[in-house]
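Here are a few exercises to work through with the model open on your screen. Try each task yourself before you read the solution below it.

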Amino acid sequence: MMALVLSLLLALATGIGPEDFDRPEALAIVHLFALGWLAQVMLGALVQFVPVLAARPLAFSRLALPALLTSSFGTLALAGGFLSLDGYDIARPFFLLGPVALGLSFAMLAVMILSTLITRQTLRLPEVRMVIVALAGLAGLWLSGAAMVSTLTGSRLAVDISQALPLHMLFGIGGFLTFAACGVSYKLFAMFLLAPEAASWQRRAVFALAALMAGLMMTGLVMLAGAGSVAPLLIGVCGISLAGCALYLDDVRRLWRARRRPTPELNMSCSRVALAFLALSVLLLPFAIWQGGALARASVFAALVGWLSTLTLAQMIRITAFLTWIQIFAPLIGRRKVPVVQSLTHPRRAGPALTIWSLSAGIGTLSLATGFHAGFRLALCGLLIAATQILCELVAIRCLSHLAPPERPARLPPLILPSLMNPPHSAENQI
Amino acid sequence: MTTPPPHELDVRPILAQGEEPFGAIMAAIDSLQPGQALRLLAPFRPAPLFNVMANRGFDCADRRRDDGVWEVTFTPQGSGLADVGMAPGSAPGAGFWPDPVLELELIGLEPPEPMVRILEEITALEPGQVLFALLDREPMFLFPELAQRGHEWAGNYAGDGQSYRLMVRAGAKDD
């Protein structure tokens with residue numbers, strides 16, 4: 001969340017416009033946003049959620065805090081390192097240090113997630129396999145990114161950046177973030193819509209396509225090392241994305257229709273907006289790959305800001321409230337009257353903020369597609385206002401500010417969810 | 001069944017001497033016969049050990065006894081519990097529990113409402129009485145809370161995967 005606000009602030013401060021995305025400072029900001037905000041929140045969510053998927057406690061949970069610190073350092077180092085391309089030689093060592101720290105952190109997280117997930121019973125579930133494919137995407141993201149950093153710093157290991165860049169973006173947005181979001185969303189959507197959880201043929205097909213796409217992109221990585229052209233592979237990836245996205249949306253629509261909750265809550269109505277952005281960015285993908293330029297930037301923006309961020313922000317408010325409630329009120333159930341989860345949030349505050357976010361994401365996408373400078377700056381302002389509002393609401397939820405004073409416990413929980421650092425089980429005595 | 005009785009290890013004396021019981025626990029694990037479970041007695045809930053044991057292929061079931069001692073049973077996966085299809089963490093002796101005195105239909109309720117209902121009802125039951133609940137999904141956040149309060153549980157998904165069946169046996173009253 002801090003990285004989100006920081007990256008938006010910097011984007012406004014440095015005067016980034018629709019045409020400026022090749023500038024080193026723009027690259028630094030994009031990585032602050034994609035790694036510092038989206039990747040960290042997604043990995044944190046996976047660490048939190050994988051025990052629920054696998055119905056067993058998180059393995060190697062002590063690695064969580066070191067992984068968080070290393071990846072934060074790696075992100076800052078990488079973002080700083082990009083500035084060395086602009087001639088700030090002092091930032092140069094950081095440029096190489098960034099990928100090293102990030103790789104270390106990703107490896108720790110992969111160990112935690114995989115050793116929790118991989119058991120005989122869970123591997124059959126398509127959503128579990130989806131998360132495993134997403135980790136392969138993360139590996140691809142890192143490899144392609146590290147290869148480009150190595151090229152830009154002038155080391156012996158060099159690749160063709162024009163070939164590596166589309167692959168890197170597809171790994172990050174599609175192979176890692178979108179696959180992970182899809183895998184987690186099935187369970188979340190079923191829970192919040194009160195819909196039956198049983199898997200469908202669409203879900204298996206989405207997994208099969210995701211695995212195929214990851215395979216194609218990995219092949220692309222090998223070809224990159226052999227200096228081949230990845231263009232034919234990208235056409236395949238494009239087709240698979242369109243088909244996979246259609247199947248995924250159809251599966252979510254099925255869940256939506258089977259829901260037992262007549263009026264969906266705020267988090268789910270905002271998630272629908274996010275799904276619309278997913279469709280938009282995938283529809284733009286063929287143009288992005290063939291034409292590049294403005295439409296490519298619009299597609300990336302729609303995916304990162306419209307799809308992944310809207311989904312995360314909407315669910316984050318709901319989940320923070322839920323986990324805070326569990327942490328504080330679960331021990332009191334049956335012993336005294338406990339408030340309902342909804343009383344921890346204030347929909348009048350979160351609702352408008354999420355609406356501003358979604359509208360700004362739409363304006364931003366449109367401005368990038370048309371090269372409209374003022375529109376893009378306006379969108380950035382809107383995103384910053386919305387993000388600040390949501391951050392305040394999250395703090396309010398953690399502080400139980402919306403509860404009437406008699407319902408508040410004597411001692412408040414720490415502001416940062418400790419469950420992000422320690423899973424719920426290990427917060428007790430050590431043996 | 002020909003499964004040997006659980007091997008019991010009381011780590012309280014070791015902890016009282018200010019020593020680490022981890023080595024003794026691992027030695028006890030290594031000396032288990034095939035299929036044999038380990039019953040651990042500790043003055044607190046040894047949560048970090050659950051990960052270690054899960055990685056070594058053991059399911060665990062924990063409860064706080066009336067005297068405040070935590071009794072944790074580690075059962076090798078693929079023996080006993082898995083045969084009767086109960087979820088990991090289920091109490092091993094659930095097959096011998098009395099018939100439920102209360103049945104709760106909790107389908108279609110929004111989390112955490114099922115958890116609230118179960119905890120409210122179980123608190124009102126006499127020690128040893130059993131309640132049965134039918135839910136949409138596995139109540140992940142309920143299990144640590146039940147263990148903390150000294151209640152035992154056993155549960156699994158119904159054959160069609162559409163609902164989760166849960167039995168809870170009330171422990172000692174805590175207030």
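**Exercise 1. Work out how many residues of chain A are in contact with chain B, and which classes they fall into.**

Solution. Keep in mind that this is a predicted model. Start by counting pairs whose C-beta atoms lie within 7 Å. That puts 29 residues of chain A in contact with 31 residues of chain B. Next, sort the chain A side by class: 17 nonpolar, seven polar and five charged residues touch chain B.

**Exercise 2. Describe the overall build of chain A and check its radius of gyration against that of a compact globule.**

Solution. First, the elements: chain A has 13 helices and zero strands. Then the extent: along its principal axes, the C-alpha trace spans about 65 × 50 × 45 Å. For 431 residues, a compact globule would have a radius of gyration near 22 Å, and chain A comes in at 21 Å, which agrees. Finally, look at the packing. Some 48% of the 431 residues count as buried. Of the chain A contacts with a separation of 6 or more, 78% are between residues 24 or more positions apart.

**Exercise 3. Find out how domain 2 and domain 3 of chain A meet, and which helix gives the most to the domain 2 side.**

Solution. Begin with the bounds: the domain assignment gives domain 1 (1-124), domain 2 (125-262) and domain 3 (265-421). The C-alpha centres of domain 2 and domain 3 of chain A are 22 Å apart. Their contact takes 15 residues from domain 2 and 17 residues from domain 3. On the domain 2 side, the elements giving two or more residues are helix H6 (161-193) and helix H8 (231-257) of chain A. H6(A) gives the most, with eight residues. By class, this domain 2 side has 14 nonpolar, one polar and no charged residues.

Now stay with H6(A). Since 26 of its 33 residues are buried, the rest of the structure largely encloses this helix. H6(A) also has a kink of about 35 degrees, centred on A:Ser185. Just past the helix, A:Leu194 has a positive phi of about 55 degrees.

Note on methods
Residues are numbered from 1 along each chain as its sequence is written. Chains are lettered from A and ligands numbered from 1 in the order in which they are written. This is a predicted model: local features need pLDDT of at least 70, side-chain atom pairs count only at pLDDT 80 or more; totals for chains, interfaces and linings use all residues. Two residues are in contact if their C-beta atoms, placed from the backbone, lie within 7 Å. Ala, Val, Leu, Ile, Met, Phe, Trp, Tyr, Cys and Pro count as nonpolar, Asp, Glu, Lys and Arg as charged, and the others, Gly among them, as polar. Domain bounds come from an automatic or database domain assignment. Helices (H or I, at least four residues) and strands (E, at least two) are DSSP runs, numbered from the N terminus. The bend at a residue is the angle between axes fitted to the seven residues ending there and the seven starting there. A residue is buried if 20 or more other C-beta atoms lie within 10 Å of its own, exposed if 12 or fewer, and partly exposed in between; C-beta atoms are placed from the backbone. The radius of gyration is taken over C-alpha atoms; the globule rule is 2.2 Å times the number of residues to the power 0.38.
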